[in-house]
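User: I'd like to go through the pockets and ring contacts of this model with you. Can you tie each label to its cut-off as we go?

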Amino acid sequence: MKKKLLALAVGSVLSAGAQAALSDIIITEYVEGSANNKAVELTNTTGTPYTFSDSDVVTYSSYSNAIHSPAGVSILKGITIAGNETIVLTNGEVTTELLTAISDNGARHFAAGVYNDVSHNAMNFNGDDHVALRDGNTIVDIIGVDGSKWGEDKTLIRRAAADGSSLPTPDAKYVPTNWAESIPDGETISKDNFADLGIPTLGDYVEPPVVEELTMIPEDGGLFANTLARYVGKEVTIPADMNPTEAGEQGLIVTRTYGFNFNNYSNNITASYDRANYQPNQIHVAGSPEAKAYNDQNIDRTLLITGAYAPDGELAYYPDFNTDPANNYIRIQDQIVGMTGMITGSAGNYTLTVTEDVDNSNFIHHSDRGGVNLNTSTAETAFAIKVATQNVLNLFNSPFGGDQNLHADNRGAETDEEYPRQKAKLVEAIFGLDADIVGLMEIENNGFGNNGTIAEFVEAINEKYFIVRDDLKDDPNSETNRYVFIGFDSNGDTVLDALDSVGSDAITSGIIYRPTKVTVESSRIIKMPEQHAPTIVNDNNVVVKDRYDEVLESGDNYQRNTVAATFTINNTGKRLTVAVNHLKSKGSTCYEDWDGVDFGTDENYYDSAPDLDFQGQCENFRVAAAVQIGEELEKIGGDRVVLGDMNSYAKEDPMLVLTSNPTNKELTTARDTFIGKTPQFNTAGNPVKVTKTYGYISAVDKKDKEEGKISWSYSYNDEIGSLDHVLITPSLDSRLIDAKDWHINAAESSYFDYNIVRFDSDDGLVPAKGNDATADRFYAEDAFRSSDHDSAIISLSYQYAETENNAPVLVTVSSGTMEVPYVLPSSVDVQAGDIAKISLKATNDDADTSEAILPKYAMSANQSFAHFEVAGITAGTYAATMTLERNGVTVTGSEVSLKLEATKKDSLTPKLTVPESDGSGGSFGIFGILSLLGLGFLRRKH
C-alpha cells in the first residue's frame, strides 16, 4: 500500500523562524526508464524552507559526477525548496509524458544540462549507478550502488519508517529494503511509471534482512563466484572462515592492496578467496592447461572491495587509515575479517561495497612489515656471504646536479623535493638488506664519475656506516660495512667518468660490494641480444601504425646488457661470479608478438598484442637473452649467481632455459637476434628451438618450497609472482643457508612511495596523491615502497681458509695488519689453556716478515677456530704454519699450513673494467685487472 508523505508530516513542522537543514531533504522517488527518462524526486520533510548552498550537489556513478544545470553549475544552486514541498530533477531530454506527469501533480521540475553542453555532468545515470544527495563529499542520502543493475528500467519509491507513521530519515549508505518498486495496478513492471512523480509517496515498511556471513556451501560447487551470486543485493559480513565444510580456514585475502582506481575514481582493494592470486606462470608452465585453469580460478576467486567516494589517498570506510596510514597499512596477503558491505555485480565482476567503518583489527597481517629475517647461522669455523638484488626504480640524479645522461631523458623523480625522498628510501632498503654484494637494477646510466648517480648513491649509503672504532666493527653502523661500486671504462680512455656507460639505455644495472668481505678479481659486461627483424606490415605491405599513429612494431628491439664480476671470498681461496640482469620488459612488443595477426588492409591497429599464455610480450626475445647469459657464464665456470629482474615468472620460457624444462616444453628464441653486429644463432636470422638448459637453481623458490610457500616479488593488477630471481649453480646448493624475498615493496601500496607529483599528458605535473599534504602523510624515510619490486637475498656458507685448485687463501691487509684464519682439524681435542701459535715465511719479493708481530692465543676448551691478527705486514704472498701447543709440546695433528695472498683491502674508489667492443659477448678487461693490482695509469675523473 502507498501512503502520501504529507499525511505523515503532521506535527513535523518546525517552530516559526527555524531553518531546515540539508539533512531534512530526502530522496523520495527514482526513475530510470526508457531513452532519457531519468528523474530524482526530492522532498523537504519539514515545514520550513531550505535554500540549497553552493556545496549541495546531487551526484551519480562511481565517478561521483555532480549533476549540473544548463548553466554548468550544480542543478541545486539557488533553489529554495519550501516546507513539505517536493521537487523533481530531470534529465534535460526527458519525454513530454514525464514532464506532463510532474505538471499534473503540481510539482516544480528542474532540468539538467544535456551531454553536449555539460558532458558527464548531465543526468545520465543508468541502473548500475548510485545517486546521492551530498554536502560537498559527504553523503546525506543515497540510493543504489555502483556496478550492479539494481535500478535498471525501474521506478522506485521510498518506504515509510518502521512505525508506519513517521517520516523516513536520510540514509548515508544504501539500504535496499528502504525502497519499493512502484508498479501500477494491473502491470508487472515499473518501467516508465511516472504517475506519482512530484507527489511524495511512500511504500510500506519492511523489516530489513539480517546481515549474513558470506559463506560457501556445497551447492556452490567450490566456485566462489557461485557463492557471491547468492548474495547479490545483500549486506554481508566477512568471516574468518568462509567455508566451514572444508578443513582449515578459508579467508578473504588481499591480492591487490589499496590504490586509486581511475575506473571508478575511488581507492579500492582486490581480495581473493582463500589465497592471493598468483600469476599462473609462477606455479604452472606458461601456456599449459594447468596455467590456463589457474587463471580461471583467479577470476572466480576475485572480489573488488570499494566504498563511498573519498578524496584521493583516503578510504571512506577506514578513518584511522586516513589520519595515520603508517600504523594502519594494508598489505598483500593480509586477511580481511569482520568487514561488512553489500555484494553487487555478476560473474567475474563482483564488488563488495563497504557499509560499516573498519579499523586495523579487520586486517590480519600474514606478511607483516619487518626486517629481512635471513638465516645466516654457520658453524664456528664458517661464515656467511650475503648476495642480494635491489631495484632502485629509476634513480636519476642528472636533473639534480648530476652528470648528464647521454642516452635519454629523466625517468625518475620529477622535482627537487622528490629526489632526496627517493634516495633516502633506497638507502634504507640497502641498509636493511645488509648484503655483501648487491646487484642494482634501474639505476641511471650517466657514467661513473663523482657526479654519476651510482657514485652519489653509494656515497649516501656509506653515510650510514659512521662508526670507526675497531672494537665496534660488528655494529651495523660500522665503517667495515661500507660499499664500493664497479665501474666500466666503456670508451677505453682509461678515465672513469661521465662519458662511460653500460649500453645505450637510459638505465642500467650495477654492482656494489663490501671490500671487507670480498675482493674483485675481474669484471665484465655481457652484451645482450638485439633484434633486427622486419617491420610489421598489412596485406598491402603498408607499415601498420598504432592509435598514436606511430609504427606499431619496427622490428628493432634491444635489451639492457648484463654486468658481471668475479670475486674472491676474503679469508678463503674460493671464487664467486655474480651476474646482474634486467631483461626485456613484458610491456614492450617484439616482432613475434604481431607475427600471425591478421591486419587485413588496416593501416592502424588499436588493440594490444595477443597474450594467450600470459607471458606478456617479447618472451622469445628474453629466451634469446637467457641463452646468451647461460653460454657466456659457462665460459667463466665455477660458482655462479645469476640475479636480477628477469621480467619472467618462475615457469616462463626464459626461466625454463636457465633452470630446467621438466615437461620438455618447446622453447623458441626470437628471430634475427644479434650480439653486437654478429648474428646470435645463424646468418639467416631464423629462430632457434632451445633444447639445452643451464641447470641453475632458483634459491628463493627452493627455500620457500621447503616452508610450503610460493615465491613472489612483484604485484601487477591483482596477481603476484616472482620477476626478481637469484639463481645459483648446483655447486652452490650445499652452501645455501637461506634465501628470501624481502616484501618491502610489492606488498605495499604505491601511496607509500616518494612521489609528490606525477606527469599528466594534458596538465603537466599534477599532485600524485590528491595534494601535497596527502603525499606527506604517507611518506616515511624507510624502506617500504622504496621501489615496486621486492629485493631478493641469499646467504651462502664458506669455511674459513677453504680453497680450490691449490689457490692461496686471500687475506686483506689494513693498516699493516692481516687476520689469518686457523681452523683446527676435527681430530684435535682442544683443552683450556692450549696455546695457538703462527709462523710466517715470505714467498715473493713484496712480502716482508721483518717487522711482523706474531701473536699467540690461549684457547678455550673445545674451541675449533681462531683468528691470528698479525701486525707489521706488507702485501705479498706468504706461507703460514699454525699449531697448537700444550705444555710446550705441539699437539699431534694440530698443524695447519696455508698459502696466503695478502692484498691491500679494496679501497672505496670504484673498480674499473674496459670492455671489448668487437661485437663479442663481453670480456674481462685487462685494464680492470691491472687497476686492481694497483698499477696507477688508470685515472678517475673528478
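Analyst: β17 (252-261), β18 (266-273), β19 (302-306), β24, β40 (714-716) and β44 (757-760) each give at least two residues to the lining of the second largest pocket. Strands here are DSSP runs of E with at least two residues, helices are runs of H or I with at least four, and both are numbered from the N terminus. This is a predicted model, where local features need pLDDT of at least 70 and side-chain atom pairs pLDDT 80 or more, while totals for chains, interfaces and linings use all residues. Numbering starts from 1 along each chain as its sequence is written, and side-chain values use heavy atoms, without hydrogens and water.

User: Which strand gives the largest share of that lining?

Analyst: β17, with six residues. The lining has 40 residues, and S750, Y751, D753, R785 and D788 lie nearest the pocket centre.

User: What makes something a pocket rather than a cavity here?

Analyst: On a 1 Å grid over the protein atoms alone, a cavity is a set of points where a 1.4 Å probe fits but cannot get out; a pocket is an open set with protein on both sides within 12 Å along at least five of seven lines, and lining residues have an atom within 4 Å of a point. The second largest pocket has about 1200 Å³, and the largest about 1400 Å³.

User: Why is the F599 and Y605 pair called edge-to-face?

Analyst: Rings of Phe, Tyr and Trp (its six-membered ring) pair if their centres lie within 6.5 Å, with planes under 30 degrees apart stacked, over 60 edge-to-face and the rest tilted. The F599 and Y605 centres are 5.0 Å apart and the planes sit at 80°, so edge-to-face it is.

User: And what makes Y465 and Y483 tilted?

Analyst: Their planes are 55° apart, with 6.2 Å centre to centre. Both lie in the loop between α9 (453-462) and β26 (484-488), so the pair ties together parts 18 residues apart in sequence.

User: How do you know that F599 is buried?

Analyst: Buried means under 20% relative accessible area, exposed over 50%, and partly exposed in between (1.4 Å probe, protein chains only). F599 comes in at 5%, so it's buried. Y605 is buried too, at 17%.

User: Why does R369 count as sitting over the ring of Y329?

Analyst: The rule wants NZ of Lys or CZ of Arg within 6 Å of the ring centre and within 35 degrees of the ring normal. The charged end of R369 is 4.4 Å from the centre of the Y329 ring. R369 also lies over the face of F752, at 4.8 Å.

How values were computed:
Grid points are joined across faces, edges and corners, and a volume is the space filled by probe spheres set on the points.
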